[in-house]
Structures are given as structure tokens and as C-alpha cells.
Amino acid sequence: MNCTNNATVTQPYNVVNMNLDGCLVIPSNLEGFRQDITKDAVVIPKVVDNTIVSSVTRVYGDIIDTDTDVCPHCGAKLYSNGSYDTVLKHLPLGQTSLSVVVTRKRKRCTCCGKSFVKEIPFKAEKHNITETLKKYIEKLLTMAMTLKAISDITGVDEHIIKAIDNNRLEDEETELDENGNRRLKKPTEYAKYIAVDEFKLNNEYRYATVIIDLETGYILYFGRSKKKVVIEEFMKLVGDDWMNHVEALACDMNADFSEAFQAKYPHIDVVYDRFHIRKNFNDMVIGPVRKDVQRQLIREKKYEEAASLKRCNHILCSSKATRMAIEAEAKERKENGNQPKSMSLFCAPPIEVKGGIEQRYQDIIESNKLFFVMDIIKDQLDVAYRSETVEEMSKHIGQIIALCHGTNNDHFKRFAKLLGNHYEGVINFGKHHITSGKIKGTNNLIKNIRRMGYGYPDEEYFFLKAKDLSRQNKLRSHKKLH
Ligand SMILES: [Zn+2]
């Protein structure tokens with residue numbers, strides 16, 4: 001049960017008697033605040049199940065008043081008409097919350113009868129916290145902390161923290177248009193390379209599109225669908241001048257993003273990403289061909305061989321580097337009595353150390369000509385993506401297309417067709433050497449933010465949050481707009 005025990009009040013120091021033992025006399029950062037040193041600070045412990053879990057220290061004071069006692073409406077004299085207290089949360093002192101109790105004098109006009117209470121100059125707008133505490137919360141918000149964690153540190157309610165964050169993001173990311181409607185601000189820096197990708201929203205069957213600056217990793221734009229219209233809206237936002245500074249775009253071959261960009265800005269080179277091409281090769285060729293070969297073996301009643309092809313997709317798709325890493329781990333485990341290194345505290349049951357993945361891979365590719373060609377194409381793709389020039393890239397991709405046709409297999413031929421249809425974008429790698437690797441980092445960031453509980457159900461807040469966090473702690477090495 002939660003209960004706050006207000007009765008237990010202790011006085012840590014006694015300023016009335018000027019006994020400042022154990023005190024720090026430091027500036028409060030509250031301009032216009034004057035502490036009333038005739039009143040002792042009060043500590044109010046919060047007790048849960050007879051244990052003090054936290055405490056609030058209250059200090060008392062008022063606002064330094066330099067105003068004249070003249071009514072701003074009629075110029076008549078004002079007289080004092082009582083006072084009341086406003087409690088504001090201030091910066092925490094470690095695990096102790098600090099509140100300032102501000103006594104506010106009410107003044108009344110002798111002539112028109114209007115009442116006046118002075119605004120607290122150090123109070124944050126809309127919330128009963130100090131401006132200093134609000135600034136501190138804003139700082140914590142840029143550090144990718146959850147609302148709950150910030151609430152625990154500052155003692156401020158999560159809803160208030162979210163409201164502060166919303167306002168901050170709105171100020172930073174948006175502006176008012178000529179009709180007074182909020183719109184996103186244009187990027188402040190040009191981007192030479194951009195990347196577009198799509199990701200799933202809230203594990204539903206809906207997709208969103210994200211556009212990033214490929215060099216800085218900054219998120220530039222979000223769209224709530226994967227349609228071309230997202231690209232069109234983005235281009236409208238950034239404008240012609242900005243788009244004219246973009247040299248190349250990295251994206252996936254399957255999407256129609258590239259067409260949307262090139263329709264309006266034909267100078268932009270499209271570069272299809274190596275990882276997307278490898279994924280297409282895995283999905284279009286390796287998987288289906290393996291299944292075909294397996295079926296054929298079953299028809300030929302070679303059951304043992306067919307069984308050995310089961311669940312070997314990962315081996316066939318693996319790169320040489322991955323296979324080497326697996327071999328190395330198996331070797332290490334064998335030498336360590338089947339225990340992984342640095343694993344003595346937690347349970348690590350011995351696994352069957354097979355090793356020999358490289359041997360198995362070699363056996364598979366030698367068992368069938370198609371598997372053998374797959375291996376050559378995988379190697380060729382690696383070589384192609386080390387090309388220095390478009391000509392070199394073009395030569396390697398040409399060889400891959402020829403190899404595919406040489407197999408006379410439909411799956412390979414379909415992959416060759418895909419490369420052919422996107423030929424220019426594939427070989428453009430030789431010119432720009434960009435990959436959309438950074439956008440995978442962005443997708444991870446998006447996943448993390450969702451896990452931190454910022455996302456659901458407020459999508460706009462979630463997008464602004466992701467956009468903001470993509471910029472934090474990153475060096476800006478970019479040319480500024482003039
Ligand atoms: Zn008056």
C-alpha cells in the first residue's frame with residue numbers, strides 16, 4: 001500500500017538560529033526568488049510499508065518585488081490584500097526532491113478594485129515546476145531515457161514529462177505556416193546521399209517509410225505508408241534547392257521509391273544496396289533452388305541425400321566469413337572442454353560441437369551444379385561490391401548475369417532479369433560506393449524507441465521522438481545552408 005506520511009517532519013538544519021552545520025549555501029538558479037531564512041526547511045518523507053522510500057525537502061520564500069504599487073489600469077495606488085503559496089518542484093538533490101514554496105502577495109487597486117498577483121519569473125509555463133527543472137528534464141529527454149526513468153529521477157509525473165517533450169519536439173521540429181498550421185521544418189543542412197526504407201508499424205500489417213541522410217544518419221522524414229506519395233510529400237517539404245544538392249539515393253530494388261525521385265529530379269543516381277541484392281538472391285534463388293533439388297532427390301528415391309539438404313538454407317546463404325566464425329567457435333569450444341569462454345556464472349549447457357560447417361558447405365555445393373554456381377555468384381557479388389569504378393562493377397555484374405543464364409534455371413534467370421532491369425542502379429555503386437547500412441541502424445533505433453514505450457498510441461510523438469534522437473550525440477560534419 002502506498003501512503004505518504006506527512007506527520008513525520010524533521011528539520012535537518014536550523015537557519016533561524018544560524019546553525020548551518022551540514023548545509024550548503026549555494027545559488028538556487030532561481031532568478032527573482034528570495035528564500036525566507038526565518039523559516040526552516042522541512043523534510044517530508046514518503047513512507048511505504050514503514051520504510052522511507054524518498055523525501056521532499058521544502059524551502060520557503062517569495063518573489064523579489066521591484067514593481068511600483070501603482071495600478072496598471074487606472075494609475076491608482078495598490079494595497080496589499082493577503083497572500084497565498086504556490087509550490088514548485090525544483091532540481092532534485094540526489095534522491096531527495098526539492099520544492100520551493102513561493103509566497104505570493106495579492107494586491108488590490110483602491111480605485112478600480114482589480115486584483116493583481118505577480119507572475120513567478122522562474123516558473124515553467126503551464127506546469128508547477130521551476131524553469132530550471134524543466135531545462136534539466138529537457139536535457140534528460142535528449143539522452144534517450146524513458147519517461148518513467150526521468151520521472152523517477154526528478155519526481156515529476158510522467159504525463160508532465162511527456163507534455164514537456166511534446167512541446168520541445170514541436171518547437172524543434174515544426175513551425176507555423178502562413179495559415180497558422182503546424183508543419184515540419186525543412187532540414188537545416190544539405191544531404192549528398194539519402195536512403196529510403198520501409199519498416200513495420202507496431203507489428204501490424206501497416207508499413208511506414210523512413211528517409212535518412214546517409215552520411216549523418218539523421219532521420220529526415222517519416223511517411224505513414226510505403227507509397228510513392230510519401231516521397232512526393234517529402235520533396236514538397238524540402239524543395240527544389242535542397243533536392244538539387246542530393247547526388248544519390250540508396251534503396252531497395254523492389255520498391256518504387258526510385259521512380260518517384262527520378263521523375264522529378266532525374267540528376268539523382270539510384271544505388272541499389274548490396275544487402276538488398278544479397279537478400280534477393282537468397283530469397284529468389286538459394287531457397288527455391290534448394291527446394292527443387294530436394295524434391296528431385298525424393299523423386300529419385302535418394303532419401304538420405306534429400307534429408308541432408310533439409311534445414312541447410314542458412315549454410316547455403318552464409319558467407320565465407322560467417323562459416324569461418326562458426327568454425328572458430330567450434331574449435332574454441334573443443335579446446336575448452338565444450339565451454340564457451342568467459343561463461344562461468346551462468347548456465348551454458350554443453351552443445352554438440354559439430355564444426356565442419358565449411359566441409360558440409362563444400363559437400364553441398366559439390367553435390368549439385370546449381371549449388372556450385374550459387375557459390376560462385378555469391379563470391380562474384382562480394383568482388384563486385386569492391387569495385388572502384390562503374391566499368392569494373394559493370395564487368396562483374398555482367399558476368400553474374402551470364403552465369404545465371406548459363407544455368408538455364410528459371411530461378412537464376414529471374415534473378416538475372418532483376419539485375420538487368422535495375423542494371424544502372426546496381427552498377428552505380430561503382431560511382432558512389434554507398435550502402436544503406438546506416439538505415440538498418442535507424443531501424444534499430446526505431447525498434448528501441450518503441451520498446452521504451454514512447455510509441456503507442458501516439459504515432460506523431462513517436463515519429464518526432466525518433467527524428468530527434470537520430471540527431472543526438474552525433475557530430476555535424478555538414479556544410480551549413482547559407
Ligand atoms: Zn485600478
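What percentage of the 482 residues of the protein count as buried? In this predicted model, 25% of the 482 residues count as buried. The protein has 17 helices and 13 strands, and among its contacts with a separation of 6 or more, 59% are accounted for by residues 24 or more positions apart.

**Confidence**

The average pLDDT of the protein is 84, with 89% of the residues scoring at least 70. Among the elements, the highest mean pLDDT, 95, belongs to helix α1 (residues 131–141), and the lowest, 77, to helix α10 (residues 357–367). Over residues 1–8 the pLDDT is below 50, and this stretch has eight contacts in the model beyond near neighbours in sequence. For residues 475–482 the pLDDT likewise stays under 50, and the model has nine contacts for them beyond four places in sequence. Where pLDDT is low, the predicted coordinates should not be read in detail.

**Helix α5**

In helix α5, which spans residues 257–264, the buried residues are Phe257, Ser258, Ala260 and Phe261. These residues lie on the same side of α5, because they cover an arc of only 165 degrees around the axis. The face turned away from that buried side carries Glu259 and Ala263, both of which are exposed. The buried residues of α5 are covered by elements that include the strands β9 (193–200), β12 (248–251) and β13 (269–272), together with the helices α4 (228–244) and α14 (423–427).

**Two helix pairs**

Two packed helices are described by the angle between their axes and the distance between the axes. The table gives these values for two pairs.

| Helix pair | Axes come within | Crossing angle |
|---|---|---|
| α11 (residues 369–384) and α12 (residues 390–407) | 9 Å | roughly 170 degrees |
| α16 (residues 437–451) and α17 (residues 459–471) | 10 Å | roughly 125 degrees |

On the α11 side the contact is made by Leu370, Val373, Ile376, Ile377, Gln380, Leu381, Val383 and Ala384, and on the α12 side by Met393, His396, Ile397, Gln399, Ile400, Leu403 and Thr407.

For α16 and α17, the axes cross at roughly 125 degrees, and the two helices are therefore oblique to each other. Their crossing is right-handed. The contact is made by Thr442, Leu445, Ile446 and Ile449 of α16, which meet Phe462, Lys465, Ala466, Leu469 and Ser470 of α17.

Notes: Residues are numbered from 1 along each chain as its sequence is written. This is a predicted model: local features need pLDDT of at least 70, side-chain atom pairs count only at pLDDT 80 or more; totals for chains, interfaces and linings use all residues. pLDDT is the predictor's confidence in each residue, from 0 to 100. Helices (H or I, at least four residues) and strands (E, at least two) are DSSP runs, numbered from the N terminus. Two residues are in contact if their C-beta atoms, placed from the backbone, lie within 7 Å. A residue is buried if 20 or more other C-beta atoms lie within 10 Å of its own, exposed if 12 or fewer, and partly exposed in between; C-beta atoms are placed from the backbone. The arc is that of the directions from the helix axis to the C-beta atoms. Axes are lines fitted to C-alpha atoms, for helices over the stretch in contact, and angles run from 0 to 180 degrees between N-to-C directions. Angles under 35 degrees count as roughly parallel, over 145 as roughly antiparallel, 65 to 115 as roughly perpendicular and the rest as oblique. A crossing is left-handed if the near helix is turned anticlockwise from the far one by less than a right angle, and right-handed if clockwise.
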